[in-house]
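Welcome! Take a moment to look over the sequence and the structure, and then follow the notes below.

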Amino acid sequence: MNRAEMIQENTEQRKIQVKNLLRVNGLEGIEPGDAVKMAFPKAFDTLSPSAKRGYLNTEQFFNAYNLETNGEFAYHPVAWRSLFVPTEIMYAMGLLPFTTEMVASQLAMTGAARERIETAEAHNFSGDLCSFMKTVAGGVIEDIFPTPDVLITSTHLCDPSAKYAELAAHKYKRPEFILDIPYGLYDLAASTDEKDIKRVEEGVDYVYEQLLEMVAFVTEHTGLTLEEDTLRQVIRWTNEARTWLNEGNDVVLQQRTSAKKGVRELDYAANLMQTWGTERIVDVYKSRCKEYKGSTAPGEDDSRPRIAWFHLRPYFKTPLMTYLDERIDISASQVNYAFWEPLDPADPIRSIARRTVLHPAFSSVTARTGIAIDEIPEDTEGIIAYYPKSCRHFHGGSIMENEMFKKAGIPILTIDGDCIDDRGEDFPIVKTRVDRFLKSIKKHPRSKR
C-alpha cells in the first residue's frame, strides 16, 4: 500500500472509529463535528491552568481522528505511542502522538473503561493484566481508536505496552517500531567507577542509534522528515516548560497555596504528559506556576498534614480523591518530578536518549526510593502510594519501599487499588485505612518537627 492509499484508508476508518467512540460514551447520533464543538466551549487562553492541560490533551485526542477544535476536517499523521516514548522527535517531524495509556484514563473518566476491559477479558486477556492495557485492547477489538500511520513503543517501565502494540499493528496492518531500553542505568549514573560510567554511556549510545533508526522508520512509512531547526525549537519549548514546572513544584514543596487541590495537582502528571515539545505545554506550566505563586498563604492556619503522593490516581468516579482533598495537603507528587537535566539543542537526539535511559523509575527499588527520601521536604509528614494491583513494576516493589521508608522515619500508606478498573473499588474500606493512617501520623515524630 502506498502513502496516498494509506491516508485514504485511514481517513475512512477514522470516520467510523470516531462514531464508535461517541457511541460507547453515550453520544450516539451526534455528529462528530458537533461533539468536538461541545468539548471546547471556551478558548484556550481564557482557561485555568488545569483546564488548559485538559484542553490540550482533548484537542490532540480529536486531532487523531482528523477533527479540529472547530469541528472541521484535517488529516493528521498519527503515531500510537506507549507512555515513555519521547515525543519531541515526533512533533519535530509533524507526527501526532496518540498515547494509549492516556486514552485509557480518559475512558475511565467518562465511565467507558469497564466495558472495554470486559471485552478484552472475553477475548482471553488475563484478568490480572494491567488495566490500562486491557482497556485499550478492548478498544482495539471494538474499533473505537483512530487507525495509526505507525506505532512506536518502548520496553521500559510499562512492559505490556510493546506486546499490546503487536496486537494493534496486526489488526490495522501498520508498521511498528520498538525502542529497547537498558534497565538500571540510573543506578550507575552517580558512580565514579570507570566501568559504570562506560556502561551508562554505552546505554546512551545504544538508544541514540535506535532513535536515529526511528527517524528513518517514520520517514520511510510516512514521508515525514526531521528538520534540525524545528527539533531545536521543540527542545527549547521542552526546556522552558521544564523550568516553569520546577518553579511551580518549588512553591508546592515549600508553601501552602489555596489554589492547589490534590486531584488537580496529580492531573498535571509531568512524567506522563504527551505534549512535551509543544508551545502550549509552556503555557500550561507557566500558568500553573503563576497561579500557585499568586495564591500562597504563608500565615494560613491549615492543620491538614502535608503528604507526598506516589504513582497515579484513580481516574474513574470515586469519592476517595474528594475525601482526601478535604484532609491532606499534597506537598509533592512522584509523577510531577522532573528527573532530567535540560536537553541540549546542539545535540538534541543524544540528550533525548540520555533522558530516556536515565529514567529513575526504571531502576532498582533502592535507587528510586532513595530519590524520594532525599527529595521529600522535612515538613512532609507521610506518603500515600496509590499502586494498581495489576502494575508489576510499582506494586511489586511496594513491600520493599515500605521497609525503606520506615527505616528513614517516613510513614507510608500503600493503597492497593486500580487507576482504571472500578470493579474492585471499596471506598469504605479504603476510607478506614486512610483515617487510621492520618490519625497515626499525628503522633509520629516527623509531624512534630
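**Charged pairs and a nonpolar core**

Asp128 has a relative accessible area of 45%, so this residue counts as partly exposed. Keep in mind as you explore that this is a predicted model.

**Salt bridges**

- Asp128 pairs with Arg392 in a salt bridge, with 3.5 Å from N to O.
- This pair links distant parts of the chain, 264 residues apart: Asp128 sits in the loop between helices H6 and H7, and Arg392 in helix H17.
- Arg392 is exposed, at 53% relative accessibility.
- In total, the structure holds 28 salt bridges.

**A buried pair**

- Which residue forms a salt bridge with Asp149? The partner is Arg14, and the closest N and O atoms are 2.8 Å apart.
- Asp149 lies in a loop between helix H7 and strand S3 while Arg14 lies in helix H1, so the pair ties together parts that are 135 residues apart in sequence.
- Asp149 is buried, with a relative accessible area of 0%, and Arg14 is also buried at 0%.

**The nonpolar core**

- The largest nonpolar core has 139 residues, and Trp80, Phe145, Ile152 and Tyr285 have the most contacts inside it.
- Helix H10 (residues 194-222) gives the largest share of this core, nine residues.
- Leaving out residues up to four places away in sequence, Trp80 touches several residues, including Phe98, Phe145, Ile152 and Tyr172.

How values were computed
Residues are numbered from 1 along each chain as its sequence is written. This is a predicted model: local features need pLDDT of at least 70, side-chain atom pairs count only at pLDDT 80 or more; totals for chains, interfaces and linings use all residues. Side-chain values use heavy atoms; hydrogens and water are left out. A nonpolar core is a set of buried Ala, Val, Leu, Ile, Met, Phe, Trp, Tyr and Cys residues joined through side-chain atoms within 4.5 Å. Buried means under 20% relative accessible area, exposed over 50%, partly exposed in between (1.4 Å probe, protein chains only). Helices (H or I, at least four residues) and strands (E, at least two) are DSSP runs, numbered from the N terminus. Contact means heavy atoms within 4.5 Å. A salt bridge is a side-chain nitrogen of Lys or Arg within 4 Å of a carboxyl oxygen of Asp or Glu.
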